[in-house]
Every structure is written in C-alpha cells, then in structure tokens.
Amino acid sequence: MIKKAGKKMPKKNDTAIVLSRMLHPQKQQRWGFRAGSDGAGSMRGWWRGRLWGPSASAMVAIAKERRDKAWLAPMTMRSPLLPPLLLALLAPALSDGTGGAATLSTLRWASTGGGWRSHFAGVGFANRFHKLGVLSRFSAISTTSGASWLSTQLFYSQQFYDRVVASDADSLRGFVLEWMAAYESMLDGAIQDTAAMNAELEESICNVTGLPEGRDVGAEPSQAELLSDLCHTLVYFAGDWALFVQAMLDHAAKSYGDSDFVNRTAGSDNRLDPFKDTDLLIQAALVPNSRIRGTGVEDDTAVYIGPRNGGSEIYTVAISAACVVNGSGTAFEYGMEDDAAVGTSTTASEHSFADWADFHLYPAINGTDRIPSDGHAAIDDGSGSFTAAFGGGTSASVIQVASISSAAGGTFSPLAPSAFSHGLSMPRHEIAKGPGLRLFDSTVARFYDQPLLDGFAVCSQWPLRCGASDGIFIDGWCSDNPAFAINVGQYHTSGGDLSETLKVILTNTNQEWPDEYQYTQMLQYYDSPINEGVEPGAFNWPPGMWVPYQSPQIFAEFMDSEMLDGLIEPISGSNMTTAVLTGTTIANGVFGVRAGQRVEILLINLNEPITTYIVTPELVRLYSEPLADMTKNIAENEELARRIEAFVEPLLDDDQETDVSPSSGCPAPRRRKLLLLLAAGISMATALS
C-alpha cells in the first residue's frame, strides 16, 4: 500500500487503535473486520487498509452498491449496517468525481513484448500495480506484441479486468492456468483438423531444410525451428496471424465469461472506467514496402511508401506505427515527419537478394532510412496517398490492433519483401559461399513463393486484402520493443509540461540478463556504442536485432553496457532485477520527442527462461505451470512492491499537496479521509452507547 501525502501509519496511541480496543471482538466480527496478515488487531488492519490506503473510493462504491440494492432498510441506531448508511449519505462529498483517484500526467507504464511470457507477466504487474493503488493512475500505458494482448483485454474486458485486479496471488495463478487451458483447447482442435489435410502437402509447405539452425538464445528456438512451428500451427488458419490471434483471444475470453470481447472496437468511449483518463498506446511497425501477388499471368506489384515531400525517396526500414487511444478518439501515428505517399511498380515473383540489396541488407554498412526511388517507383507530390489503416483507427477492433502489434513472424511474410530479405540476410551472411549458400537461397525462394506465409504479416485493412495504397504491419519489436520512445513522445505531442520530471515504469519481460539483445533494448535510448554516428530516428542495425529500424535514441547522456550493469539490483526470492535510470531528452521527430525533459525510469527485468513462441500444444503443456508460477511471484513479491512504491511515492505526495478542494481549501484526499474518520467514529460511538 502506498502512503499518501507524507501521512504516517497509525501508532498505538492513535484514536483508531484506542477505538479498536474499546470495540468488543464479537462486534468486530459482526461488522466484517478481519485480522491482518501480521496477526495484529483486526480493527487496526481495517483502519490502515481503509483510511490510510488508496481505497477510500472503494468504500464509497461498496456503500453505493448496498444502497442501490436496497440493503438499507429501516433500522435502529444500533444496526450493524449503520456505517454503510453513513457512507452512502456522505458519498457525494467523499467522491473525487472520477470514480477513483485522478491519473497522474507524469506517471506512465511501458512494457516490452515477449509473447505469452509478456502477456502473463503483465497480468502479474497489473495486479501488483492495482494493489499499490497506481494502476488507474497511469496517464498512459504503452505495450508491444504479447503485452498488447494484455492491454487490450485490460482496457476492454470487464471480466478480464476483474479477474486480474481482484485476485490474490494464488487465484491469479489459477487464472493463468485457465487461460492457457482454453488456448490449448483451441490449438488441439486446430491440430486435429489439420491432421486431416494432405500430410504431404503440409510437409512441402513447412519444410525448413536448408535454413541454418542458428544460435539459440536462452529458451528461444532457432529461426528454422520458429518458422517450422509457426507454419505447422498456422496451416489451419490459412497462415493468417490475425485470425490466429482472434481465435486464441476468443477462446480465452469465453473461458473467463466474456463472449463478446473479440467484437469490440479499441475505442476511446468504451474504455473501462478505471482507464477513462489513461491513454493506450499499441506499438507496431509498418513495413516500407509490400507485395501484391499477380494472377499467374500478370507480374507481382510492389507498393512503396515514402515521404510526400522527400524528393522522390522511399523508406528502407520498418516505420514506427502506434495506435493511440485517448480522449480525442483512436488514431494511428507513424514515424514519418512528412505525410506518407505511395508508389507502385512491377516486381519479380521469384525472390532474389540482389533485388533488395539497395535496401541495405546485413551487415548494412552506412545504411540509410531512405533511398532514391529510382528503379522502384516514382514518389512525388502527385503520388497517391497511403490509405488510413482500419478506417483511420476510429473503427479499429481490439483484434486488429492486438494482432499487428504481435505479428512476430511478420518478417517471414513474402508480402513484406524488403523486411523478408533483411531478416534472412543475417543468417545468409554467416554462410560461406558454396553449396550451403545455394541451398539457402533456393529454400528462401521456395518460401517467398508460398502464399500460406503471406498472413504472417497483417494487412492494414485486415480482414480485407491489401490494395495498391495499403501497407503491411509487423510486430512492434521491429520498431521499439519496450514501447518507450512512443510513450515519451506521446506525452510531448499531447502538450505535456517539459519542465516536469516524467516517471516511467518500464517492465522488461525478458528471458535473461544480460544478453546482446537486452543491452540493445536499453542502450538504444542513450548515446551509446550501439548507435555511434547514428542520428536519432535514422537507420540503425544494432546487435541482437533481426532487422534494421529507425533509431529510438531520445536521451543526450552516454550509457554503455558496463554502466548499465552497474545499476542493476537483484530482487530476493525471484529472478527479477531492477534499475533506476535517468536521461534528458533530445529531439527525435520520428517518435515525436522534444528536447529538454528529465525522465526517470524504473526498469524491471523479468529474467524468466520461458520461450516467447508458445505456438504448439506441446509447448503450452510445457510452459503453463512456469507461466502461472511467474505471474504469482510478481503479484506477491514484497520487495518488488517496495521498489515500485519508492519510485512513485514522490508523485503521490506532490499530488496530495496540490489537489485542493475549491470549496474547502483542503486537499481532496485528506478531506475524504477526514470525512471517513468522522463517519466511522460516529458509527462506533453509536454502537458502544
């Protein structure tokens, strides 16, 4: 529990404790008081939890519920229901007008992706944040990939929200197992139906012979293993990743009692009440070009995206794409400082790395984020416009935004030709010239010709097919996996005060620390060895990344891996570690970041060796228990709670000092607590009389 406005917990001689000793134990039980976990007097626990915690509004809600249910029938003054009656009468004065504490404009949450590991780690963190009274006080929550499955359910499913925030650690563990059981049931059904297909055809589609095994990172599969698993699973869904996400979330939502979840829009007005004032930012990536397959007689068509005023240039790397839900509605924001234009040209249906060499394939020495459009498609002031995704965002569904953010296999889609070539140019670079290289190239060409893999990336008009003015989305990790730069940038573009210190809790739902990719995820925001000589927003291909991207550097300060490691502190009883980082922003127009703001980051590293890609029934059975244990540990770890509390407490103290009631001149939270104290005191005095 987070203390408010510098208030101290009640001491033994406080009025609350004196009254608790005066009240007979039987009356304590009758009024519903329970003993605290430390064995202290039950009345003392009640006072601490109800008056000195963030739950004053919860008491008002209980009183309103009882009043609405007509529980307050005529009663004597000695009735045990007198406290709810007083609370109901005082409800207008006790309420803060928003149904809870107001959001804090400078407190934000960002989460990395990581598939099911990220999703359920987010469940644990959300539960912990709620217990500390800060979940609904974040002014923005930004997520990538599997964390976006969490955020869409958290914002738009009341049943999911209730199970996440209301559960104790053991119940939360059970909820994870229920969710995964529903997912396993969906996969089992899909696999059984797929088995009825022509096995020879399936093997010809999903045969990865010729691709190198690569290096395993922690529990992660190699590229070949990942592609094989995804392929075999998605055969049933016609290779359609968004359809897969829809089926998974539909089965899960029905298991927890929300049969209509997948039909909801990711809108502003239908956010759940606790998040009415919290912006939702879903990080994805828009590939710079896409491919429309020909009919067999006609050639394929390539669609290129470039800046309208860029002097006939096209983009070479994935472009940051964020679905932003706020008080103004839902819209997509892209990492393009100019309006997007599109141009088309014919392209070969057979893959050749040479056709995409000018897009700076690995190792991409001196790569640039734009190249002249010559030889591809002319883009100028008269070019066509990029068609807004999903109706401009206003009618985007929870499935559309969750699937584009989590399309981790999108770089394998033949409809994203330069990203496809980028991702496979890295293992190709490691193969010596000779028979191995020829076999590799022929395998890549076979996959490029396979329509079943097209849906690994998600069309900007899904479930419709893409046309000549549309684009293709892939997983947000191809742009900014921690979804951090867009979080800071959105604060700036929405008029945030740069003189204030911005505080961001960054939950890094990783497998292990350190490794090359983990260093990159944090150092990319600083002046560091991984972006030396790279301008903010420009082309970069740092260690650990499968594809190049727009540099998300937003801080002026220098940081390297040794400095970062020196800040890491372990959390006892878990694999988790934390660090407090600081930085001063510099301008990065791609992410909307302005210069001159101090930012403090509480980095929480998960460090759980659970694979990102749980895409087969066997993997579900293998990892369900570890996922459930991980979630429980996050929810009940007291050292983690203390570090979160220490990070956010200064903001809450400042908020209490400035939140003054216009009518009374008294800070509103303090005023509410005084009224609660008065109501409870009158009630107990009456009961003792």
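Is Cys459 buried or exposed, and what is its relative accessible area? Cys459 is buried, at a relative accessible area of 9%. Here buried stands for under 20% relative accessible area, exposed for over 50% and partly exposed for values in between, with a 1.4 Å probe and protein chains only.

The model is predicted: local features need pLDDT of at least 70, side-chain atom pairs count only at pLDDT 80 or more, and totals for chains, interfaces and linings use all residues. Residues are numbered from 1 along each chain as its sequence is written, and side-chain values use heavy atoms, with hydrogens and water left out.

| Residue | Relative accessible area |
|---|---|
| Cys459 | 9% |
| Cys323 | 1% |
| Cys478 | 1% |

Cys459 is paired with Cys466 in a disulfide, with 2.1 Å between the sulfur atoms. A disulfide is taken as a pair of cysteine sulfur atoms within 2.5 Å, and the count by this rule is 1. The S-S torsion of Cys459 and Cys466 is about 115 degrees, so the disulfide is right-handed.

Thr112 sits in the loop that joins strand 1 (104–111) to helix 6 (115–131). Helices (H or I, at least four residues) and strands (E, at least two) are DSSP runs, numbered from the N terminus. Thr112 is buried, because its relative accessibility is 0%. Its side chain lies 2.9 Å from the backbone nitrogen of Thr509. Leaving out residues up to four places away in sequence, Thr112 is in contact (heavy atoms within 4.5 Å) with residues including Ser118, Thr144, Asn481, Thr509 and Gln521.

Definitions and conventions:
A polar contact is a pair of N or O atoms within 3.5 Å; within protein, one must be able to donate a hydrogen and the other to accept it, and residues adjacent in sequence count only if both atoms are side-chain atoms.
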